[in-house]
Amino acid sequence: MKKLLLTASVAALVAGALPASAETVRWARVSDALTLDPHSQNQGITHNFAHHIYETLVDRDVAGTLIPRLATEWALGDDPTVWVFKLRQGVKFHDGADFTAEDVVFSLDRARSDKSNMRQLHASVESVTAVDDYTVHVKMTGPSPLYPNNLTNTFIMDKTWTEANNAVTVQEAGSQDDNYAVRNTNGTGPYKLVSREVDVKSVLELNEAHWAETKPFVTKIEYTVISDAATRVSALLSGEVDFVQDVPVQDIERLSSSDGVTVTTGPENRVIYFGYKFGDAPLKSSNVTDKNPFNDPKVREAMALSIDRDAIKQVVMRGYSIPTGVATPPFVNGWTAELDKYPAPDIAKAKALLAEAGYPDGFTVTLDTPNNRYVNDEAISTAVVGMLGQAGIKVTLASRPIAQHSPLIQNAETDFYLLGWGVPTFDSAYIFNDLIHTKSGHYGAYNPGGYTNPDLDAKIQSLGTEVDVAKRDATIAEIWAVVQADRVLLPVHNQVLAYATKKGFNIAVHPENQPRIYEMTKD
Amino acid sequence: MLAFILRRLLQSVVVMLFVALIAFSMFRFVGDPVASMLGQESRLEDHELLREQLGLNDPVFLQFARFIGNAVQGQFGISYRLQTPVTELIFSRLPATIELAFASALIALVFGVGLGVYTALRPRAWSTSIIMSASLIGVSLPTFLIGIGLIYIFAVELKMLPSFGRGETVNLGWWTTGLLTTSGLRSLILPAITLSLFQLTLIMRLVRAEMLEVLRQDYIRFARARGLSQRTINFGHALKNTLVPVITITGLQLGSVIAFAIITETVFQWPGVGSLFVNSVQVVDVPVMAAYLLFVALVFVVINLIVDILYYVVDPRLRVDARAGGK
């Protein structure tokens, strides 16, 4: 043991003494960042790329916990509606300008502006003020205990630089010209942008002046877009790229067994579930024309008993999914192992329940599914069509690309649908607000089933302002109990992500699928 | 002649307007651009606001008129997906597509004509039957399968050629070319072969059929009787007379190769206009889709116009008809 330690320390000394060798990582993804303007789009791939150039006040590590980045500390002030952020000192932007509180005020205001797609995350902010160079106060419209959770993708820009380049206003869709910040960057992040050819390749170089004590071993990143899955995998096998982030499940086995490739898998913060129409109005796509079969709890129970989640995992997902009985990923506050349990399939009981509900011969309905959004989304739906068919529910599958599927969801024009839900705040309230609360105003945007429960709505709204953590968690548990008892949603599984790297390079799966190349290690 | 060209030009404009109108009325079935532009956190009122901003709530006819009005001034707006001006996006992608199209047309022409002549001259040789059967595979195998197969063999297994992209490019100011670097040329090989296979087999079969036809003609027999060398007969007389339809077909095919290299470009991640179009369709990026379809229409219209004019020049009967009809 002692010898091992000694060897390790000698190795560390030697490594420290030698100049850092240039190490390039060629990173391939399915598509490119949509823009370099950090406040324009609220989209995972765009944020993932931006995290290398720009930085946020707080960040999330691979375990899903909040960690300091440009803010070193944050806490509620004496006034419970004010969040106080202490900023990191000695940070410089790529152009050499100092990072101070006025940049934070400027960036948060820009992110809240009308044309920013980030504004929903800052909807409850009343004003942002700089108290001194390294302290910022964010005044909320009411108590907002979870606001820092919303900051993990809100990047800080340099006020002077942005103003000097006329990029204060975020890019407007539908205009004829583009904004300077769409193609140019000036962040505080660990890498600087060297070149970018949209949809082809972007090159990033290590920012030697970055504040972090440990320097990443990757000194240069070549971000390549390869949209075809087979080509992406081939490029890794032929040694043309070092890191493929979007590995199709059907290729995991093949890649794992090939020499020179390491596959890392891990859970994503995203649950896949089915939803159905509530209420008395008859379904549009069913042969039952006088009432809504889904409104009967027995029918919903029968459906839950018909679905064989383990079979979906084994057959459709090739073993790469985490079956669940609750519509929340395990990372999220409010998740418990108890909620996560799911029933074993029981077709006989499902048939009996359907008969009891008055549908001894089942009924027909159309299932709307996306076919290019989630891992094997269409195949999951196809499997479920078969499983429900065994119980007597004859399902017709309507499969569409997500661009056509999401209007059905948002306009509530579906009887029965598949959807996936990521939880960027890592808190159950995010799920309740959009999926469970009655569709009204800012709530229930993704509740096309029209489930409504006034008592639950009141509880959900109270979560937004409750500062007492224990009390709040208790309310969350109560809400989940009702959601589970009413079977508001029919969860299937949590998605699993797979990253493939050239052997020797290691990178952990990030729950929001936002791996950071600066955290990559080498054997 | 001038009247003929003017009439053709006028017809071309009508055709392009028609293509634009059809394309435009189809966009509403592709999906909702707003849904893909705004994220999960967006609210219905945001969607409404954005549709209003983009003018998507206006009647299709009005949207179309606005689009044409802007297009005439060379304004195609800004891409919903990439927030960059569409004209710039298309022009930055065009060199890749054109180089690929010409490389594959060259391969198709050289090998197509060569193999066509060879198989016509030796109709009963065993090598001919092998080439003919192989050409059936070229016609019937889908392009993406050929592409993936070539990637697997030459990139993954043999590690000889790159599997994706365009390699290093040289920027000439108004044109980026991959033809001046080794990696650019190496990258061109697989996609160009993939894209050329279909045209290659087409040209080969055409040349062979024409050639067999010509070889039966009297003047070939007389040439033989005169004791001319095989070489002069085959290449000087027979081939020359088969080339007219071949050139027409190749010209027309070049249009479809430029316009529909979509699959090859996607498989090889070739940064051309075809892959730009595919990416745009997925997120309903209407400005790019509209501009691309108009561009494709333009390519076809221009090529057809040239072919028409060539016919007019070559075929005296057309001129007689025009004079007769013009009274």
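In what order do the four strands of the open sheet in chain A stand? The order is β4-β5-β7-β6, and the pairing is antiparallel. The model shown here is predicted.

Begin at the edges. β4 (71-76) and β6 (125-132) of chain A each have a single partner strand, so one side of each has no neighbour in the sheet. From one strand to the next, the twist averages 20°.

Now take the strand pairs. β4(A) and β5(A) run antiparallel and are joined by five bridges. The two strands form a hairpin, with five residues between them. Within this pair, Trp74(A) has Phe85(A) in β5(A) as its bridge partner.

Helix α3 of chain A, residues 101-112, lies across β5 (82-87), β6 and β7 of chain A. Relative to β6(A), α3(A) runs at about 170°.

Stay in chain A and move along to helix α8, residues 297-306. Seven of its ten residues are buried, so α8(A) is largely enclosed by the rest of the structure. The buried residues are Val299(A), Arg300(A), Ala302(A), Met303(A), Ala304(A), Leu305(A) and Ser306(A).

Next comes the contact between the chains. Chain A gives 41 residues to it, and chain B gives 45. On the side of chain A that touches chain B, the elements giving two or more residues are α6 (229-237) and α13 (402-410) of chain A. The residues on that side divide into 15 nonpolar, 21 polar and five charged.

Cross into chain B for two helix pairs. Two packed helices are described by the angle between their axes and the distance between the axes. Take helix α5 (residues 86-121) and helix α12 (residues 273-282) of chain B. They pack at an angle of about 130°, with their axes 7 Å apart. That angle makes α5(B) oblique to α12(B). From α5(B), the contact involves Leu89(B), Ile90(B), Arg93(B), Leu94(B) and Thr97(B). These meet Val273(B), Gly274(B) and Leu276(B) in α12(B). By type, the residues of this contact divide into five nonpolar, two polar and one charged.

The second pair is helix α9 (residues 218-225) and helix α10 (residues 230-259) of chain B. Their axes come within 11 Å and cross at roughly 150°. Why do α9(B) and α10(B) count as roughly antiparallel? The crossing angle puts them there, because angles over 145 degrees count as roughly antiparallel. The crossing of α9(B) past α10(B) is right-handed. On the α9(B) side, the contact holds Tyr219(B), Ile220(B), Ala223(B) and Arg224(B). Facing them in α10(B) are Ile233(B), His237(B) and Ala238(B). Sorted by type, this contact has five nonpolar residues, one polar and one charged.

How values were computed: Residues are numbered from 1 along each chain as its sequence is written. Chains are lettered from A and ligands numbered from 1 in the order in which they are written. This is a predicted model: local features need pLDDT of at least 70, side-chain atom pairs count only at pLDDT 80 or more; totals for chains, interfaces and linings use all residues. Axes are lines fitted to C-alpha atoms, for helices over the stretch in contact, and angles run from 0 to 180 degrees between N-to-C directions. Angles under 35 degrees count as roughly parallel, over 145 as roughly antiparallel, 65 to 115 as roughly perpendicular and the rest as oblique. A crossing is left-handed if the near helix is turned anticlockwise from the far one by less than a right angle, and right-handed if clockwise. Two residues are in contact if their C-beta atoms, placed from the backbone, lie within 7 Å. Ala, Val, Leu, Ile, Met, Phe, Trp, Tyr, Cys and Pro count as nonpolar, Asp, Glu, Lys and Arg as charged, and the others, Gly among them, as polar. Two strands pair if DSSP finds at least two bridges between them. A residue is buried if 20 or more other C-beta atoms lie within 10 Å of its own, exposed if 12 or fewer, and partly exposed in between; C-beta atoms are placed from the backbone.
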